[in-house]
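Let's take a look at this protein together. Have the sequence and the 3D view open, and follow along residue by residue.

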Amino acid sequence: MTQPPPPPGWYPDPSGTPGTRWWDGQGWTEHVQQAAPPAPPPPAPAPTQAPPLPQGPAPSLYEQPVLLVNQKTKLIELTNEYAVLDGNGQQIGAVVQVGQSAAKKAVRLFTSFDQFLTHRLEVRDARGPVLVLTRPAKFMKSRVVVERPDGAPLGEIVQANVFGRIRFDLVAGGQVVGAIQAENWRAWDFAITDAAGTEVARITKKWEGLARTMFTTADRYVVLVHYRLPEPLASMVIASALTVDTALKQDDRGFN
């Protein structure tokens with residue numbers, strides 16, 4: 001007994017080509033349908049947070065003709081900490097004291113023996129530490145050791161005298177590459193010179209730029225850099241200018 005032919009409809013093309021062919025109930029017709037393309041994969045879920053846009057290069061302390069140094073106000077000064085701003089008032093760096101133990105803070109709180117303690121400071125910009133400065137314990141003359149963050153030595157800021165107009169020599173590789181001279185102690189006027197005695201920068205409170213009224217105490221001052229300086233002088237100028245309060249002013253003419 002023979003089976004009846006299938007009902008009319010679209011069936012796989014018996015010729016083997018992709019798609020289907022119409023069967024009219026009696027035979028195959030010339031009507032064909034192409035195979036549908038595969039469905040695209042579902043879209044990936046959207047991230048919960050867009051990736052950060054690429055940023056431009058972070059400002060460097062070494063490229064600024066004007067640096068504004070603002071010591072953070074504390075009721076009792078137990079930790080030296082400064083904000084460093086550019087000439088437009090935007091913070092681009094900081095000077096932070098590191099490595100202080102609880103015992104050292106207690107000594108600073110209850111005594112006036114600050115000069116007999118070792119102080120360690122980090123100069124930082126947006127990329128992290130750029131200089132590390134260590135001022136060993138002192139009695140008469142102050143000295144600051146300047147290093148790279150990896151410990152590579154750069155030089156020293158060495159107090160040259162005790163009485164009269166205080167001068168600090170900037171020493172690198174055993175050679176004096178510059179100096180910082182206290183021209184007017186009360187007016188916070190310090191000249192920074194190169195080895196030839198040419199002024200390359202100045203620490204002052206007389207700058208007529210942004211928010212001049214902000215800079216009215218010894219904790220707020222301006223560093224004016226006259227030229228783009230070569231190394232190691234550039235690092236020694238940055239180190240001495242940003243830590244003048246710890247190296248010079250904090251100890252009144254060598255005596256705490």
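Asp-169 sits in strand 11, which covers residues 167-172, in what is a predicted model. Is Asp-169 buried or exposed? With a relative accessible area of 16%, Asp-169 is buried, because buried means under 20%. Its side chain makes a polar contact with the side chain of Arg-167, at 2.9 Å. Leaving aside residues up to four places away in sequence, Asp-169 touches Glu-156, Ile-157, Val-158, Ala-160, Val-176, Gly-178 and Ala-179.

Now let's turn to the nonpolar cores. The largest one has 43 residues, and Val-123, Leu-131, Ile-192, Ile-203 and Leu-242 touch the most other members. Helix 2 (residues 233-242) gives the most to this core, with eight residues. Apart from it lies another core of seven residues, including Val-66, Leu-68, Leu-85 and Leu-224.

Which residues does Leu-131 touch? Not counting residues up to four places away in sequence, its partners include Tyr-62, Leu-121, Val-123, Val-146, Pro-149 and Leu-154, and also Ser-235, Ile-238 and Ala-239.

Finally, here is the chain as a whole. The protein chain has three helices and 15 strands. Some overall values are listed below.

| Property of the protein chain | Value |
|---|---|
| Buried residues | 43% of the 256 residues |
| Contacts between residues 24 or more positions apart | 38% of the contacts with a separation of 6 or more |
| Accessible surface | about 14,500 Å² |
| Part of the accessible surface belonging to carbon and sulfur atoms | 59% |

Note on methods. Residues are numbered from 1 along each chain as its sequence is written. This is a predicted model: local features need pLDDT of at least 70, side-chain atom pairs count only at pLDDT 80 or more; totals for chains, interfaces and linings use all residues. Side-chain values use heavy atoms; hydrogens and water are left out. A nonpolar core is a set of buried Ala, Val, Leu, Ile, Met, Phe, Trp, Tyr and Cys residues joined through side-chain atoms within 4.5 Å. Buried means under 20% relative accessible area, exposed over 50%, partly exposed in between (1.4 Å probe, protein chains only). Helices (H or I, at least four residues) and strands (E, at least two) are DSSP runs, numbered from the N terminus. Contact means heavy atoms within 4.5 Å. A polar contact is a pair of N or O atoms within 3.5 Å; within protein, one must be able to donate a hydrogen and the other to accept it, and residues adjacent in sequence count only if both atoms are side-chain atoms. Accessible areas come from the Shrake-Rupley method with a 1.4 Å probe; for residues, only the protein chains shown count as cover.
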